[in-house]
Amino acid sequence: MRWSNYYLMTAREAPRDAEVVSHRLMARAGLVRRLAAGIYTMQPAGWRTMRKLMAIVRREMERAGAVELSMPAIQPAELWEESGRWFKYGAELLRMEDRHGRRFCFGPTHEEVITDLVRRDVKSYRQMPLNLFQIQTKFRDEIRPRFGLMRGREFIMKDAYSFDADEEGLDRSYQAMYGAYSRIFEACGLEYSVVEADQGAIGGSSSHEFMVLADTGESAVASCAACGYGANVERAEIGALPQPEAAGAEGDGPRRVSTPGATTVAEVAGMLEVDRALVVKTLIYETDDGLAAVAIRGDREVNEVKLLNVLGGLGLRLASAEQVAAATGGPLGFSGPVGLSPEVRLVVDESARQLAGFVCGANAGDEHLVSVHWDRDVASARPLEWVDVMTAEASDPCPRCSGGELRISRGIEVGHIFKLGTAYSESMNCTFTDEAGRLRPAEMGCYGLGIGRTAAAAIEQGHDDGGIVWPVPLSPFTVVLSLLDPGDDAVRSAADGLYEELEAKLAPGGFDVLYDDRRERPGVKFKDADLVGFPVRVVVGGRSLRAGGAEVSNRQDGEREVVPLDGVSDVVLRRLLPGVF
């Protein structure tokens, strides 16, 4: 492809709304163009990257036994009402009506549609297992779309759905997809990690996220180098924490002490001269089912995703000062588990279970209780719910091995796989007859992979001050051939001949060439080549010919060498496939 005939328009400045590296560089490199908030046109070079990624995805999905189909983007409301998600999904679901007043949505995902398809055709265990996938445009009406393709409203996703006759079959399908995803990201040349994850709005019994590791990642990942445990911090478990010793004399019950103006853990701990871990903080939340209180060690933070999973329902927000006062009898900042209204559900984080003689709010202004015990002072009045709602932090004990510590790194979620079980097949009556002649719901799995997010994540992981540093498999073109003296007939003839040779020799390996024959200054061509991020650059100009041929360099390390024209193709192949040529 000749650049002079190609639609690739670079820019020196990034859009003002571009907040992350990938958005800035994709816009400047002419890969995407914003049409509206969270909606982008994929320009030709950007679409080439997407097509290369989709080819890898299709290859590995089919290798794992999945079969491709295409489902409608517009879905009838009736299916979502059957699954119970028409209202549960929330405001991100773009709802609409046609001219006849019939309700539809623009699909953010396709569990309902695929379940409807399979329930019409599959009647026997002999027809399973099945795994169907598509690569299709989705829409989620994000309240604040940002970060370019990382959090857009319209996006391209590969979604697959498996149907099995039993849980053992679902386990096999799940592992097949786990393996396929691992091969996909390895084939893309990306550094990634697989972590346990929260199921979110999709539902199901368990799930794993595939994270491309990058300092700019929006998700925090907890992992243990000793045993390989990994989880999104929304789900990460924590091993047993060291327990502080009780301070002060013990009595027959808790003592009320004056703590004027001390509404934070740090203020209370300082005033009473105790370890922050010995202060139990109690937070009051408003949920769709009423008020709930969560008690946790004062040196730790509540993980609201975990808490929402514990409490159930859809909403979770901190209660107002008025709600706190009505529920506890005291002002905000002085809440505690002792004497809490029975109408308020109380859950206690496991980290506080072993605390004895702790400090907590007295449910009265400017007062706290000291020497409090769970069994004696709280459990005597109400049953205690011990739960895990703590946010993992760096250096926490690993929950899986002895002696291991958690580390926190940043990652970008590019794939998410779920064991749905029978959550959708039961509600939508997707049943089959088993070997014994009994009617049973299908065991389902769901497997999503963000095409645009993966491309953007590759840029977040690979870039420098000059622009994008693509992994070879995802670059829109593998090689850029830069003609520096287009007015010199000898130079142009040499470059034209080299272009034809490179195309002929590189194409069988799946590599492609962009011939930069534009009448631009050398500095412009070099800056554009670095900005777009072609893995290998070949330069032909009067100076290179006088030096013996063409200059070949790598984008990643900048290593350059002048190579005779008849040896350029072999050198390029050696750089693209080290150890093969």
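Helices (H or I, at least four residues) and strands (E, at least two) are DSSP runs, numbered from the N terminus. This is a predicted model, where local features need pLDDT of at least 70, side-chain atom pairs count only at pLDDT 80 or more, and totals for chains, interfaces and linings use all residues. Residues are numbered from 1 along each chain as its sequence is written, and side-chain values use heavy atoms, with hydrogens and water left out.

Glu-111 sits in helix 5, which covers residues 111–121. With a relative accessible area of 0%, Glu-111 counts as buried (under 20%; exposed is over 50% and partly exposed in between, with a 1.4 Å probe and protein chains only).

Phe-106 belongs to strand 6, residues 103–106. Phe-106 is buried as well, at a relative accessible area of 17%. Beyond its neighbours within four places in sequence, Phe-106 is in contact (heavy atoms within 4.5 Å) with several residues, among them Ala-73, Ile-74, Leu-93 and Phe-139. As for Glu-154, 48 residues separate it from Phe-106 in sequence, and the C-alpha to C-alpha distance is 9.9 Å.
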